[in-house]
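This report describes a protein complex for a reader who is new to structural analysis. Please keep the sequence and the structure in view while reading.

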Amino acid sequence: MGATTFRENHKKDRAKPATYLAWRLGFVVLIVAMFGFIAAKSLLFLPAKQSTAESEPEMPSVGTKLPPFTLIPLGQSLMSGQAFGNQQLEGHKTIFVLVKATCPHCLRECAWLSSYLPKIKGRGELVVASISSAEETAGFAASTGLTEGLYFNASPLAIATGINSVPNIFLLDETGAIRFFHQGEMEPQKLEQLLDNFLQGKDVSTFAVLTKTSFANGRLA
Amino acid sequence: MLLTRRNITLGIQMILGLMLLGTGISKAFTANEFLSSFEAYKMLSSAVAPYAALSVILAELFLGASLLVSLWVRWTSALSGILFLVFTIAIGSAWQRGLQIDCGCFLGIPEPVGPGAVFRDLIFLLMSVWVWWETRNSVGITEESRAAA
């Protein structure tokens, strides 16, 4: 039996009822429309960014302090009176990390920080501030192994600083002033070198890092 | 005979279809994360990136679903090949530029750009070419099977 040519098959297909291909075409259209809409909704219909220069908050820079904020320790509520604010940053060095619970880069970075925690103890404090809900942040804690220094309710701080991607790492001196700021996930080796220098009291303001990647925002809050 | 040329082609076609549809759906549900990975390649401006990312997701959904139901197999396998070629070039380019970023190929499975990712995409490219070549004389595998029967 000779091979059926493309043209012959095509003619046969055209001669068959419209339902012959309709269910397959319908399936494809349904899949593309359904999941395409979900993707388009996330990618294209984001809340419009404020366009005027006056309304754009200034990004954090070395030498400045974080704007006023109130974080809530994980496992507590705002009513418990155990809020964490700017005044708690004074008197010790602080490694302040702003994360989102669903961000994979934040997960990796904080899992690494969890292993680095013993080196921080006695020399500074780790503060991981999550812009996600308490429930999501609890899941984040379980995934990263972080058992202390986790806070939520950081969205107002992210908005006030104009931060548009996570993770963010701030190294704050004893007065609460920013000595180093970086957006995006850092290489563990570089991060370790940076934190070692910082905790030893060295100047880290010009520390050069290679960003792996960060979780783009618009999509933060 | 189970291991006929036609059955092997059908198997490859189904693997490609499932893989493309699966990654397309996972990317649709984590579109922001995919966009983040996409932007990390630093190949497109941030204004264009969301549209390009959406195009990739739509292409994967369309090609995956079409291959699964044997709709226009010859053309969809050719387009899949082109898509994998683009992926290979993008990953190879990021690797050559020394970018230490996630591939973003299978969301939820972190994988750095590098020779492994390039090799895997080349395998998918070859699979697409195989399906395209084997269906060169037919509209689709199912149509040809029907004609043969």
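In this predicted model, a salt bridge joins the side chains of Lys119(A) and Glu192(A), with a distance of 3.4 Å from N to O. Lys119(A) belongs to helix α3 (residues 104-120) of chain A and Glu192(A) to helix α6 (residues 188-199) of chain A, so the pair ties together parts that are 73 residues apart in sequence. A salt bridge is counted when a side-chain nitrogen of Lys or Arg is within 4 Å of a carboxyl oxygen of Asp or Glu, while helices (H or I, at least four residues) and strands (E, at least two) are DSSP runs numbered from the N terminus. Side chains of opposite charge can pair when their charged atoms come close.

Residues are numbered from 1 along each chain as its sequence is written, and chains are lettered from A and ligands numbered from 1 in the order in which they are written. Local features need pLDDT of at least 70 and side-chain atom pairs count only at pLDDT 80 or more, whereas totals for chains, interfaces and linings use all residues; side-chain values use heavy atoms, and hydrogens and water are left out.

**Salt bridges**

Over all chains, the structure holds 9 salt bridges. Three of them are listed here.

| Residue pair | N to O distance |
|---|---|
| Lys119(A) and Glu192(A) | 3.4 Å |
| Arg179(A) and Asp173(A) | 3.0 Å |
| Lys27(B) and Glu60(B) | 3.0 Å |

Lys119(A) and Glu192(A) are also linked with Asp196(A) in a network of salt bridges. Lys119(A) is partly exposed at 35% relative accessibility, and Glu192(A) is partly exposed at 29%. Buried means under 20% relative accessible area, exposed over 50%, and partly exposed in between (1.4 Å probe, protein chains only). In chain B, Lys27(B) and Glu60(B) are both buried.

**The sheet and the content of chain A**

Chain A has 6 helices and 9 strands. An open sheet is formed by 7 strands of chain A in the order β2-β1-β5-β4-β3-β7-β8, with mixed pairing. Strands β2 (84-85) and β8 (178-183) of chain A stand at the edges with a single partner strand each, so one side of each is left without a neighbour in the sheet. Two strands pair if DSSP finds at least two bridges between them. Strand β3 (residues 94-99) of chain A pairs in the parallel sense with strand β4 (residues 125-130) of chain A over 6 bridges; Val99(A) has Ser130(A) as its bridge partner in β4(A). Of the 221 residues in chain A, 46% are buried.

Leu25(A), Val29(A), Trp72(B) and Trp75(B) form a nonpolar surface patch with about 380 Å² of accessible area together. Patches are made of residues with over 30% relative accessible area and no salt bridge, like charges being joined within 9 Å and nonpolar side chains (Val, Leu, Ile, Met, Phe, Trp, Tyr) within 5 Å. Accessible areas come from the Shrake-Rupley method with a 1.4 Å probe, and for residues only the protein chains shown count as cover. Trp75(B), in helix α4 (residues 73-96) of chain B, is partly exposed at 45%.

The mean pLDDT of chain B is 84, where pLDDT is the predictor's confidence in each residue, from 0 to 100. The predictor gives the complex an ipTM of 0.80 and a pTM of 0.52.
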